[in-house]
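Hello,

The structure we talked about is below. My notes on it follow.

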Amino acid sequence: MSLSDPASSWDGLAQLRSSTLTPKRESWIDVNPFTVRLDLHGDLDFFLRSGARRRSIERSLGEKTSVKDVIESCGVPHPEVDLILVNGQPVDFDYAITGDADIEFYPVGTGIPQFKKQRLQTATISRFVADGHLGKLARDLRLLGFDIAYDPHAEDRQLLTVMKRENRGLLTRDRRLLMHAVVETGYCPRSQNADDQTVEVIRRFDLLHSLAPFTRCLRCNAPLRKVPKAEVIERLEPLTKIYYEQFRRCTGCGQIYWAGSHFSKLQKRLEKIRANCA
Ligand SMILES: [Zn+2]
């Protein structure tokens, strides 16, 4: 029925009146309001509005609500939460809050040792899709050998599709996107600096022992393969032909790489990142 149909409009209003007056039907008005106290641990207060950053929050609720929705209503995306305790007991994201409760939640890497088995996030993932604002981070992670899907023009829907189809973690500073129900594994870099973001991602996903620098194409993300100089010599500049012997070629776009003038600068950056991750 269309909304312009007067009969359907009045029917709807009659039903609404009936539901507010008849206690047997479950609705928000039938539930006594209750209070939840939320304690944020680690750096999760990063997601609270600036100026409002604090470790404890109180919320009044008027209806049964999943603990995931309660936590996200504070601005903290669920992929950032690794352990939830309700009144001291570990629960998963679907746990329903129906009355007064103390809710504590922890990011990855902190928490209480005895609840190791109740962790909510995947232990390790090393393939990611990065949103369009994280180009430098995507490039740095590729430089370190990680498989990073990145398209500067990708829309949110495309990012989520690639994430699901290719079983990748989502890297984005858009907390709303990270809250999307289909996101299982993801991370919001806290820093706006690419070097710091790289360190954050390596720490968050425990990737320090998986670094394989200079093995992946910075342009297209495909792996690089060593190639004899004779095979690529036609494409080299005269001085490159003279000074360099070792070459790698991208298996995707054909780009040729060698340890040229920028190489030592890149190595210094990598050493710095490694030192900061340790
Ligand atoms: Zn390539």
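In β7, A101 is the bridge partner of V36. Strand β1 (residues 34-40) and strand β7 (residues 101-106) run parallel as a pair, over 5 bridges; two strands pair if DSSP finds at least two bridges between them. Strands (E, at least two residues) and helices (H or I, at least four) are DSSP runs, numbered from the N terminus.

This is a predicted model, in which local features need pLDDT of at least 70 and side-chain atom pairs count only at pLDDT 80 or more, while totals for chains, interfaces and linings use all residues. Residues are numbered from 1 along each chain as its sequence is written.

The open sheet has 5 strands in the order β2-β1-β7-β4-β5, and the pairing is mixed. β2 (56-61) and β5 (89-91) are at the edges with a single partner strand each, so one side of each has no neighbour in the sheet. From one strand to the next the twist averages 30°.

On the helices: the axes of α6 (residues 194-204) and α9 (residues 263-277) come within 9 Å and cross at roughly 45°. Axes are lines fitted to C-alpha atoms, for helices over the stretch in contact, with angles from 0 to 180 degrees between N-to-C directions. That makes α6 oblique to α9 (under 35 degrees is roughly parallel, over 145 roughly antiparallel, 65 to 115 roughly perpendicular, and the rest oblique). D195, T198, V199, I202 and R203 of α6 make the contact with I273, N276 and C277 of α9, where contact means C-beta atoms, placed from the backbone, within 7 Å.

Regards

Conventions
Contact = placed C-beta atoms within 7 Å.
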